Amino acid sequence: MPVKQKSKSFLLSSFLISTAFFSQAHNVSEGYVKPDDPLVVQHLEQWQDLKFGLFMHWGTYSQWGIVESWSLCPEDESWTQRKPEHGASYYDYVKNYENLQTTFNPTRFNPQKWADAAKKAGMKYVVFTTKHHDGFTMFDTKESDYKITSSKTPFSKNPKADVTKEIFSTFRKEGFKIGAYFSKPDWHSENYWWPYFPPKDRNVNYDPKKYPERWDSFKKFTFNQLNEITSSYGKIDILWLDGGWVRPFHSIDPAVEWQRTIKVEQDIDMDKIGTMARKNQPGIIIVDRTVPGKWENYVTPEQAVPEHALSIPWESCITMGDSFSYVPDDNYKSSQKIIETLIKIISGGGNYLMNIAPGPDGDYDAVVYDRLKEISGWMEKNQSAVFATRSIAPYHEENFYYTRSKDGKTVNVFHISEKAEYKAPENLAFTVPENFKPNTVQILGLPSKIQWKHSGNTIEIKMPRDRSALQYATVIQMKK
């Protein structure tokens, strides 16, 4: 993942960048290409209604409580540092890391518990890491024995060993849209990191043009695994492809620091993959991250929110804690911070994909359930201002953020304070969107009527004396 990237197209605000994992922030691609498949266009429109999704990074690395996969990468970056107790040399470390397969036994795995908590919090879709860069598959692939269902893995004896199948079927049953994360690079594959050469960085460690048969074998391996996921795991709504350095050489943007490290052609044949995925799953949304063109159906700023509203489909993936993977005693964001983040994202027209990492035992930390329960209380009162909405100018002014209903008959105005604890003020005054004349104004979650005055392009509200029910934010809903 790239280091301190800056998009040429969009400025990213700094308020959400994680200090511990800032180095993993992704840029936003230039050159968005709108899909021409009517079913994909329809599904993207439906996806933009969902607003709030659950991301889950989970693998054998959770046992060490370290960042996912990256310690295998021989780059001298803060997030790739290896702990000496896990191996005296690089090769000892890799051996011990891969041996985590033999102890992975998450016996508390219960996807229904996750789905119940996420659904109450208002989450509408899930994206799960079927395979990260380390190559360990959390599904029952036939292409490799480096998988959770291998006899080498203790959890393989569990009836729910194919955790991808269990997660997808459970969340689908609860009405969630299903997203499959998949890493294009595979650092376990001998056809990506060929043992003949030592790996130098995150990229393929040989020249695919010099050894085309080996690269063709890797392309076939990748195609087959993605075919398995899109043909054997029920309805898949999103194929979320990570590892943007696996890309056609001509697509490299030299203005982006991490893309300048790509020295060889790594064309994985996305046309062949995308065509197969769409044959298996008609209308599937495909996200070939950071590779602009027909297979990046929406863009994915990471650990950041675009400073301005975007006119294309987008989603910010942001961790609830500091890390995408499970880390003991992680620093989880407050419910207020999470809700403020959601408000900022949806006012800019995006979706919020919030990452929660299961631990080695197969469950979330207890604090995660506390956060989701607190969010559910707020969402219950304010969901009409969140879901199936779109952005509307002025988008954001000072502490006010705007959304509208798709028919344009309702405008929602969110007031936040970004202080330790939100306290609704006695009076509110904010700009009314151009050409919008409200007939009714109400505060969601407050039963009493409010006093309001429309003068010029401004509305002034005198708030009721008892405002204690307004936690995290005040949501004003105006209707024509």
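D242 is buried, with a relative accessible area of 1% (buried means under 20% relative accessible area, exposed over 50% and partly exposed in between, with a 1.4 Å probe and protein chains only). The structure is a predicted model, in which local features need pLDDT of at least 70 and side-chain atom pairs count only at pLDDT 80 or more, while totals for chains, interfaces and linings use all residues. Residues are numbered from 1 along each chain as its sequence is written, and side-chain values use heavy atoms, with hydrogens and water left out.

R289 is likewise buried, with a relative accessible area of 1%. R289 and D242 form a salt bridge in which the closest N and O atoms are 3.3 Å apart (a salt bridge is a side-chain nitrogen of Lys or Arg within 4 Å of a carboxyl oxygen of Asp or Glu). This pair links distant parts of the chain, 47 residues apart: R289 sits in the loop between β5 (285–288) and β6, and D242 in strand β4 (residues 238–242). Helices (H or I, at least four residues) and strands (E, at least two) are DSSP runs, numbered from the N terminus.

The count of salt bridges comes to 20. Another of them joins the side chains of D186 and K131, at 2.7 Å from N to O. Here too distant parts of the chain are linked, with D186 in the loop between β3 (177–183) and α5 (212–232) and K131 in strand β2 (residues 125–131), 55 residues apart. Both D186 and K131 are buried. K152 and D145 also meet through their side chains, at 3.6 Å from N to O; K152 is partly exposed, with a relative accessible area of 48%, and D145 is partly exposed at 36%.

β7 pairs in the parallel sense with strand β1 (residues 52–56) over four bridges (two strands pair if DSSP finds at least two bridges between them), with L353 as the bridge partner of G53. Strand β6 (residues 315–319) pairs with β7 in the parallel sense over five bridges, and there N351 is the bridge partner of E315.

In α2 (residues 90–98), Y90, Y93, V94 and Y97 are buried. Seen down the axis of α2, these buried residues fall within an arc of 100°, so they line one face of the helix; the arc is that of the directions from the helix axis to the C-beta atoms. The face turned away from the buried side of α2 carries the exposed residues Y91 and K95. In α3 (residues 111–120), the buried residues are P111, W114, A115, A117 and A118. G122 follows α3 and has a positive phi, near 95°.
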